[in-house]
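Subject: A structure to look through

Dear colleague,

I am passing on a structure for you to look at, with the sequence alongside it. Please open it first and keep it in view while you read the notes that follow.

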Amino acid sequence: MSVPAALGDPADPLHIALVGSPNAGKTTLFNALTGARAKVGNYPGVTVERREGEVRGVARRIRLLDLPGTYSLNPETPDEEIVREVLAGECPNEPVPDALAIVIDGTTLARGLGLVVQVLQARRPTALVVTMIDEVRARGGRLDLGKLSRILGIPVTGVVGHRGVGVADLRGLLERAERWAVPKALPRMDDPEARFAWVDRVATDVGGHSPARDRRTDRIDRVLLHPLSGLLIFALVMLFLFQSIFAWAVPAMDGIDGAFGSLARLSRALLPPGLLTDLWTDGILAGVGAVLVFLPQIVIVFTLIHLLEDVGYMARAAFVVDRVMGWVGLQGRCFVSLLSSYACAIPGMMAARTVASPRDRLATILISPFMTCSARLPLYTLLIAAFVPAKRVFGPLGLQGLVMLGLYLLGALTALGSAALLKSTLLRGKIATFYLELPPYRMPTARLLATQVWRSASAFLKRAGTLILAAAVVLWALLSFPRIPVDPARSVGEQAQAQVQASLAARIGHTLEPVIEPLGFDWKIGVGLVASLAAREVIVATLAQIYAVGDEDDFGGLRDALASDRDPQTGEPSFTLATALALLVFFVFALQCMSTVVVMARETGSWRWPALAFSYMLALAYGASFVTYRLATAFL
Amino acid sequence: MRPLATRASEDSPEPLKGSCRPLSSLPPGLRAHLCRHSRTPVPQRLRDLGFVADTPLVVVRAAPLGDPVEVEIRGYRVCLRRADVSSLCVVPETPA
């Protein structure tokens, strides 16, 4: 393809902005044009994602800006405000686009044209891209795009974004963007009544008025949205999602854990003992394992979420559960994200990307660490088994099970309460109109699904994995320095115990002791708290090391060691039921997970939010543990 | 047909002009069009979405828990919360 001489220097990129409403197929089109290689950043001063990419397969450099979706240029949210500012040339550090490509959904032409009329007032070179033209045809509609182009006075082209139909033509059109017409002056239509009177006329003229409904979708919806069967199916789908994360991810996670354990043992056997070997096995290998162990959950959560999204059920699920989430100021879409957080806050926070409202998304991300993730379970199981008597309370219900249930409820209720608190304080603002569309049901394509899942997984590895690895090495160093000489008289377990007791982490534990003493925690728990910043379940392995139980898998041994530990000065048990309950409550609330902190920073685009969440959760944890310890000492 | 809102009577303490009634009292499936009068000003966003006077619409269904509702207008369907559409009033095409 040759570059026409009329165009400017090909090295000088052309800036084109994509404008359109959410669900119009704008992002699918952006991915098709750029090969899904977006440079993702933030607009200055706001947590609105800025996506830009180079258009591939064109004879010149074209920078495509994927503006946030908007239904109108009278903004209600920070996202929509950005669109208005960019179009008006008022956005700081953002060049005014050379041309605009408006993307509208052909099946909802009238609504799309309402936005088109507003965008045309910007008086820049503009083209109109009509998506889902296959859907229009399938439903017996006939759109006269040529006529639409003549009426609007700008180029109009039709595409089917997810199949790539029409994308080659669109590339050609983008190359000629400088020659797009500046739209002729339409009468000013600031009043929506005048605007839609005009829109209705145009839509009728080009044959875009109401193509027939998709009848299959209507039939399925009668069942899936029925007051009774709708609720039942919703519950079943969510139960399936929840269960599959546990049932399918756990074997894979155990496999990864096991593989890295074997690799560490193999390394120890082959390499000479020493600092470098320790760094390799306990620092780097453990760190890489700590990153990869999240992959099964991320892959499963995202496969299911994208599958439900592609089929069209996700919007229905949001419709069904919206009222409940509305009670705490959130919306239906937040539900799935919070449910995923029960497995792990990391896929949960990443799943919050499907929440369109930035404030609701932020609130969902901030409360997700309160949901009882699977990393808390090892400590919960250990402490409950060691200190809570296995009494029957009511029928088959045991006291141990009730305590476990109580911990889950405590986390969930605190999450919801915190959401309500956030939405009425920090994240307060003009309440945006809730808006949800139920797309027609579609058969998902395996290729699209695989691309989406791969994108989420690789983004996690690239954006969070490296930081998690670095933090794991730092924590290893805290537990391993200063070094003490190897004493051949000690067993491996005793040597490890001596090393931990001499480490920086132990010093931190001792320093912390006066602070955590009111919670009933001694320095040993202090070391465990420091170590558990790597991941909550690490506290179990660390306690095993401190108590020299040897293998962390020796569950019974550790349980007995905790229960029989005595204070060397007083001879009193140093680990009591009150201590155990206080520690459990501490773990319900505290953000003891650096991976969560890292991913939260990545997802919110700022370290301020994880800093806030960490402090808030730590303060809650401290206060609640204190109250628990005092009450338990007084009454139990 | 199941009435859309059980709170309809609370919603409209005073009768509106003619057969104009709150959208929330419109049973699903009944065609209606938006009145020129509304009890409170219609929010800008709804107007930008095409909720302007004389536009025909039909409530398709309510969510299983009663809120939000799905409305068909100008050939597309949208789910809105009752609180957001409380200002809208409609005239049914055939008296209910």
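Strand S2 of chain B (residues 31-34) pairs with strand S3 of chain B (residues 56-62) in the antiparallel sense, over three bridges, and within S3(B) it is Leu57(B) that stands opposite Ala32(B). Please bear in mind that this is a predicted model. The two strands belong to an open sheet of six strands in chain B, which runs in the order S1-S6-S2-S3-S4-S5 with antiparallel pairing. Strand S1 (21-22) and strand S5 (76-80) of chain B stand at the edges and have a single partner strand each, so one side of each is left without a neighbour in the sheet.

In chain A, the strand to look at is S5 (residues 99-105), where seven of the seven residues are buried, so the strand is largely enclosed by the rest of the structure. In a regular strand, the side chains alternate between the two faces of the sheet. Both faces of S5(A) are covered, with Ala99(A), Ala101(A), Val103(A) and Asp105(A) buried on one side, and Leu100(A), Ile102(A) and Ile104(A) buried on the other. S5(A) pairs in the parallel sense with strand S1 of chain A (residues 14-20) over five bridges, and Ala99(A) is the bridge partner of Ile16(A). S5(A) also runs parallel to strand S6 of chain A (residues 126-131), to which six bridges join it, and here Ile102(A) stands opposite Leu128(A).

Turning to the helices of chain A, H25 (residues 594-604) and H26 (residues 608-635) pack at an angle of about 140 degrees, with their axes 7 Å apart, and that angle makes H25(A) oblique to H26(A). Val597(A), Met600(A), Ala601(A) and Thr604(A) of H25(A) make the contact with Trp609(A), Pro610(A), Ala613(A) and Phe614(A) of H26(A); by class, this contact has seven nonpolar residues, one polar and no charged ones.

Finally, there is the contact between the chains, which takes 28 residues from chain A and 27 residues from chain B. On the side of chain A that touches chain B, the elements giving two or more residues are helices H3 (109-120), H7 (192-205), H9 (229-270) and H12 (313-326) of chain A, and the largest share, five residues, comes from H12(A). By class, that side of chain A has 14 nonpolar, eight polar and six charged residues.

With best wishes

Technical notes:
Residues numbered from 1 in each chain as written. Chains lettered and ligands numbered in written order. Predicted model: local features only at pLDDT ≥ 70, side-chain atom pairs only at ≥ 80, totals over all residues. Pairing = 2+ DSSP bridges. Helix = DSSP H or I, 4+ residues; strand = E, 2+ residues; numbered from the N terminus. Contact = placed C-beta atoms within 7 Å. Nonpolar A, V, L, I, M, F, W, Y, C, P; charged D, E, K, R; others polar. Axes fitted to C-alpha atoms, helices over the stretch in contact; angles between N-to-C directions. Parallel < 35°, antiparallel > 145°, perpendicular 65-115°, else oblique. Buried ≥ 20, exposed ≤ 12 C-beta atoms within 10 Å, placed from the backbone.
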